[in-house]
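Q: I would like to go through this model with you step by step. Could we start with the overall picture and then turn to the details?

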Amino acid sequence: MSIPKIKTLGELKKSGYQPKSVKDEIRKNLICKLQKNESTFNGIIGYEETVIPDVERALLSRHNILFLGLRGQAKTRMARQMIELLDEYVPVIEGSEINDDPLNPISRHAKDILAEYGDATPINWIHRSERYGEKLATPDVSVADLIGDIDPIKAANLRLNFADERVIHYGIIPRSNRGIFVINEIPDLQARIQVALFNILEEGDVQIRGFKLRMPLDIVFVFTANPEDYTNRGSIVTPLKDRIESQILTHYPKTIDTALTITEQEADILHDQKSKVQISDLVKRLIEQISFEARASELVDKKSGVSARLSISAFENAISSAERRAIINKENATQVWISDMIGLIPSITGKIELVYEGEQEGPYQVAMNLLDKAIRSQFIQYFPNPETLKKKRNQQAAEENPYRSIQSWFDKGNSLNLLFHTKDADKIQQLYKVDGLHALVKKYFKQANEKEAALLMEFVLHGLAAFSMISKKILESRIEFKDLMGSMLGNATSFTDDELESDDFN
């Protein structure tokens, strides 16, 4: 739709234009989308049966909305997408600071223009993208920022005294009239500032420095917040919360598949990287599993949450780790190996908040443990569970152990050193040295090509180490795999039973 050519109030009246409130406008357009089975929130994945229906019900009810959830749950994104439910263009009185409707002006400026020009009053058309206001709540936000204040410079320029309504400088909320206004992290807003919103939400009054203006602002308010019990920074004052008609709970992806789809959609991977680096479904699932493990970890603060940005950043870092190695080795193409995932540590440590015990462990060690747990969780989706085999002590169980040949090779004193920057061909050649490793992969993945099989072979080594069946040491330039007992005796260290079962990432 192009910008309408109507330029005056008289022309607007002749066109038969009928103004609607923003909430009615959104309701009408939402009904049209639902009738046509069109998506109301494009790119929002995992909320199809939970959050989105709640939002649609709230908008049909013409409610203001509070999105309540932990960080990285697409709260602000959903609010921003609501502008797609607005009409593409609406008319405003030319020069109006608060988007006055030509057929229903509310500001002194608009009323004066209307009185002076009548049907010749000039009008402009504003696009729906201009009808959105957003403010991040911080402790320094003032009433003047949100609602307005007296402007002494305007008073001086217009030669007006401070009792004249025209000296008011409107804040961001009145300037969002006839649109959508979002306040992010509302608990961070000082309580006295939250109180200033009461009348705007309920009665439509705007009170500025002694002026009591009856200005029925036409706004859909959307607020976002972390659950109140989860923040020590502040809370939503009860009377304000009472005035927000719909409170909608958001959540993290419930399945690996959903999380994987979100990450692939959001990750910023260049075309050059895509053409040079392949990333398997296995590695993608390992990356997503890290976030799931972090959300369940006792060392990570659950009140803070683990954002989907962890997986997105980790995915980007995984690609870049493989790309860097390929550049160094002058290879035209490569794939992301399990060993490349060591490069994900900076993506993990910067995205998790640790409890006291986690701080004692240290962010690096916690990140390594999460990576190890992710390998454990995904390993049993591809290969037999080593824990089940370890519980069986009889001779038959030992003979059924599919990892026996691999363990025996290491038990003979053999070791495998995989350099982080080794070429793909050299790494594959080294992996074939381990007796039984290729045979195991081919037993369970008959259709795998050479590179897929090699990745799975490396995965087996990391998985067996995660289940304490062999030893793994991460050094500055390489990963060293050895037999478990030989490794411990070589370190000349005494271990407790708990340490023998712990993740060997030291």
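Q: What share of the protein is buried?
A: Of the 506 residues in the protein, 51% are buried, where buried means under 20% relative accessible area, exposed over 50% and partly exposed in between, with a 1.4 Å probe and protein chains only. This is a predicted model, in which local features need pLDDT of at least 70 and side-chain atom pairs count only at pLDDT 80 or more, while totals for chains, interfaces and linings use all residues. Residues are numbered from 1 along each chain as its sequence is written, and side-chain values use heavy atoms, with hydrogens and water left out.

Q: How many helices and strands are there?
A: The protein has 26 helices and 16 strands. Helices (H or I, at least four residues) and strands (E, at least two) are DSSP runs, numbered from the N terminus.

Q: What does I352 touch?
A: Leaving aside residues up to four places away in sequence, I352 touches R71, A294, V300, V306, L310, V366 and L370.

Q: On to the aromatics. How many pairs does the structure hold?
A: It holds 13 aromatic pairs. One of them joins F379 and F467, a tilted pair at 6.0 Å centre to centre with 50° between the planes. Rings of Phe, Tyr and Trp (its six-membered ring) pair if their centres lie within 6.5 Å; planes under 30 degrees apart count as stacked, over 60 as edge-to-face and the rest as tilted.

Q: Where do F379 and F467 lie?
A: F379 is in helix α18 (residues 363-382) and F467 in the loop between α24 and β15, so the pair links distant parts of the chain, 88 residues apart. F379 is buried at 0% relative accessibility, and F467 is buried at 3%.

Q: What else involves F467?
A: The charged end of R376 sits over the ring of F467, 4.4 Å from its centre. F467 also belongs to one aromatic cluster with F379, Y382, F383, Y403, Y444, F445 and F459.

Q: Which strand pairs with β15, and how do the two run?
A: Strand β15 (residues 471-474) is joined by four bridges to strand β16 (residues 478-482), and the two run antiparallel. Two strands pair if DSSP finds at least two bridges between them. They form a hairpin with three residues between them, and K472 has F481 as its bridge partner in β16.

Q: Which way do the residues of β15 point?
A: S471 and K473 point one way, K472 and I474 the other, and all are buried.

Q: A change of topic: what is the phi of R62?
A: R62 has a positive phi of about 65° although it is not a glycine. It lies in the loop between α3 (51-60) and β1 (65-68).

Q: Is R62 buried, exposed or partly exposed?
A: R62 counts as partly exposed because its relative accessibility is 36%.

Q: And N99, where does it lie?
A: N99 lies in the loop between β2 (89-93) and α5 (108-117). Its phi is near 55°, a positive value in a residue other than glycine, and N99 is buried with a relative accessible area of 13%.

Q: Finally, what does Y47 touch?
A: Not counting residues up to four places away in sequence, Y47 touches I52, P53, Q73, A74, M78, T250 and H251. Y47 lies in the loop between α2 (22-35) and α3 and is buried, with a relative accessible area of 4%. Y47 and T258 are 211 residues apart in sequence, yet 9.8 Å apart in space, C-alpha to C-alpha.

Note on methods. Contact means heavy atoms within 4.5 Å. A charge sits over a ring if NZ of Lys or CZ of Arg is within 6 Å of the ring centre and within 35 degrees of the ring normal.
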